[in-house]
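Morning, everyone. Please take a look at the structure on the screen before we start.

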Amino acid sequence: MPKSTAWLAAATIALLAGVMCDSAPNETGDAVRKNDLSTMDTTSVTIKGAKFELWVARTPTERELGLMHTTADEMQPLADGTERGMLFAFDTEQVVSFWMRNTIVPLDIAFIRTDGQIVKTHTMAPLETRFYPSVLPARYAIEVGAGVLHRLGITEGDIAEISESALKPAGH
């Protein structure tokens, strides 16, 4: 592996090890931490005419916890059919990787540049610890239920219209 690739892989693993950790014991004694979805900001996103209502993870802690321990019931579409999920907002475009540790439902992920273009998508299996990379720099990532992107015909190159509320920095 070239040095630059090895460095990037090591940095990604170190970042995610620090970012994707968890703490209240579950039935196996492991720590359980979860975002309180009821207190998180939400934003609307439209992709190819499909509407999404997404919890916004702006802070390192919110991004760290993501949809860990979120149930299928919490991910159900709204009464009008609007899909639920989470938007991860980063301060700058960067190559990022996600994993599914402590995430109990399968998810689709779309990595998105600042201009809204989707650069990479994956379908991620629950509880899996392999990394799913953006491959190219991305400013946002959207996670929704597995199969949603395929069902709606959303692919790499499509444009996500992200509302202004998602663009505000953490703590504002």
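First, the ground rules. This is a predicted model, where local features need pLDDT of at least 70, side-chain atom pairs count only at pLDDT 80 or more, and totals for chains, interfaces and linings use all residues. Residues are numbered from 1 along each chain as its sequence is written, and side-chain values use heavy atoms, with hydrogens and water left out.

Now the sheet. Helices (H or I, at least four residues) and strands (E, at least two) are DSSP runs, numbered from the N terminus. Two strands pair if DSSP finds at least two bridges between them. Here, seven strands make an open sheet with mixed pairing. The order is E6-E5-E8-E3-E2-E1-E9. What stands at the edges? Strand E6 (118-124) and strand E9 (160-162), each with a single partner strand, so one side of each has no neighbour in the sheet.

Look at E6 and its partner. Strand E5 (residues 107-112) runs antiparallel to E6, and six bridges join them. Asp-108 is opposite Thr-123 in E6.

Next, the rings. Rings of Phe, Tyr and Trp (its six-membered ring) pair if their centres lie within 6.5 Å; planes under 30 degrees apart are stacked, over 60 edge-to-face, the rest tilted. By that rule, there are four aromatic pairs. Take Phe-98 and Phe-111: the centres are 5.7 Å apart and the planes at 70°, so this pair is edge-to-face. Phe-98 is in strand E4 (residues 97-98) and Phe-111 in strand E5, 13 residues apart. Both are buried, where buried means under 20% relative accessible area, exposed over 50%, and partly exposed in between (1.4 Å probe, protein chains only).

Trp-99 and Phe-131 are stacked, with 5.7 Å centre to centre and 10° between the planes. Trp-99 is in the loop between E4 and E5, and Phe-131 in the loop between E6 and strand E7 (132-133), so the pair ties together parts 32 residues apart in sequence. Trp-99 counts as buried, at 14% relative accessibility. Phe-131 is partly exposed, at 29%.

Phe-88, Phe-90, Phe-98 and Phe-111 form one aromatic cluster.

Last, the backbone. Lys-48 is not a glycine, yet has a positive phi of about 50°. Lys-48 lies in the loop between strand E1 (42-47) and strand E2 (50-57). His-69 also has a positive phi, near 65°. Its loop runs between helix H2 (60-65) and strand E3 (83-94). Buried or exposed? Lys-48 is exposed, at 51% relative accessible area. His-69 is buried, at 15%.
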